[in-house]
Amino acid sequence: MTDISRLPGPFEHRWEWQFHAACRSADTGLFFHPPGERGPAHDDRDAAAKTVCARCPVRAACLQYALEAREPYGVWGGLTVEERRALRSRRHSRTTRHRTAA
């Protein structure tokens, strides 16, 4: 069982979603690829992680955390690092276009 005592007390409400995450009992190796992993092994592991995320009741909170924290590794909220980077880029482009048009 994971020791959560290191989490910041005053901000506990920001982390509470983790208690309900579908991945809590999963092997963390499923969500973080080993160095040098490529090809079908990489794709299969990501797909398996996303399957867990798909049934997670706190998927949105997890993704929001990963985007805000700019998590540099792993599958969070059903998205890989590359997918989160692309999402941030699209959001940034939309915001920039909106500001320019105003």
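Predicted model: local features only at pLDDT ≥ 70, side-chain atom pairs only at ≥ 80, totals over all residues.
With which residue does Asp 46 form a salt bridge, and how far apart are the closest N and O atoms? The partner of Asp 46 is Arg 45, and the closest N and O atoms of this pair are 3.0 Å apart.

**Overall build**

The protein chain has four helices and zero strands, so that reading from the N terminus gives the order α-α-α-α. Of its 102 residues, 29% are buried, and the accessible surface comes to about 7,300 Å², with 56% of that area belonging to carbon and sulfur atoms. Among contacts between residues at least 6 apart in sequence, 40% join residues at least 24 apart.

**Salt bridges**

| Pair | Closest N and O atoms |
|---|---|
| Arg 45 and Glu 37 | 2.8 Å |
| Asp 46 and Arg 45 | 3.0 Å |
| Glu 83 and Lys 50 | 2.6 Å |

Both Arg 45 and Glu 37 are buried, and Asp 46 is buried as well. The pair formed by Glu 83 and Lys 50 joins helix 4 to helix 2, and therefore ties together parts that are 33 residues apart in sequence. Glu 83 is partly exposed, with a relative accessible area of 29%, and Lys 50 is also partly exposed, at 27%. Through shared partners, Glu 37, Arg 45 and Asp 46 are joined by salt bridges into one network.

**Nonpolar core**

The largest nonpolar core has 14 residues, of which Trp 17, Phe 31, Cys 56, Val 58, Val 75 and Trp 76 touch the most other members. Helix 2 (39–54) and helix 3 (59–69) are the elements that give two or more residues to this core. When neighbours within four places in sequence are left aside, Val 58 is in contact with Trp 17, His 20 and Ala 21. In helix 3, the buried residues are Cys 62, Leu 63, Tyr 65, Ala 66 and Leu 67.

**Cysteines**

A search of the whole structure finds zero disulfides. For Cys 56, the nearest cysteine sulfur is that of Cys 23, at 6.1 Å, and for Cys 62 the nearest cysteine sulfur is likewise that of Cys 23, at 6.1 Å. Cys 56 counts as buried because its relative accessibility is 15%, under the 20% limit, and Cys 62 is buried with a relative accessible area of 10%.

Beyond residues up to four places away in sequence, Gly 77 touches Cys 53, Arg 59, Cys 62 and Leu 63. The C-alpha atoms of Gly 77 and Val 58 are separated by 8.0 Å, although the two residues are 19 apart along the chain.

Arg 88 lies in helix 4 (residues 81–101), where this residue is buried yet has no salt bridge, the nearest side chain of opposite charge being that of Glu 71, 9.4 Å away. Leaving aside neighbours within four places in sequence, Arg 88 is in contact with Leu 67 and Arg 70. Arg 70, in turn, follows helix 3 and has a positive phi, near 50 degrees.

Terms used. Residues numbered from 1 in each chain as written. Heavy atoms only, no water. Core = buried A, V, L, I, M, F, W, Y, C linked by side-chain atoms within 4.5 Å. Buried < 20%, exposed > 50% of the residue type's maximum accessible area, 1.4 Å probe, protein only. Contact = heavy atoms within 4.5 Å. Areas by Shrake-Rupley, 256 points an atom, 1.4 Å probe, with all protein chains shown as cover. Lys, Arg positive; Asp, Glu negative; His and termini not counted. Salt bridge = Lys/Arg side-chain N within 4 Å of Asp/Glu carboxyl O. Disulfide = S-S within 2.5 Å.
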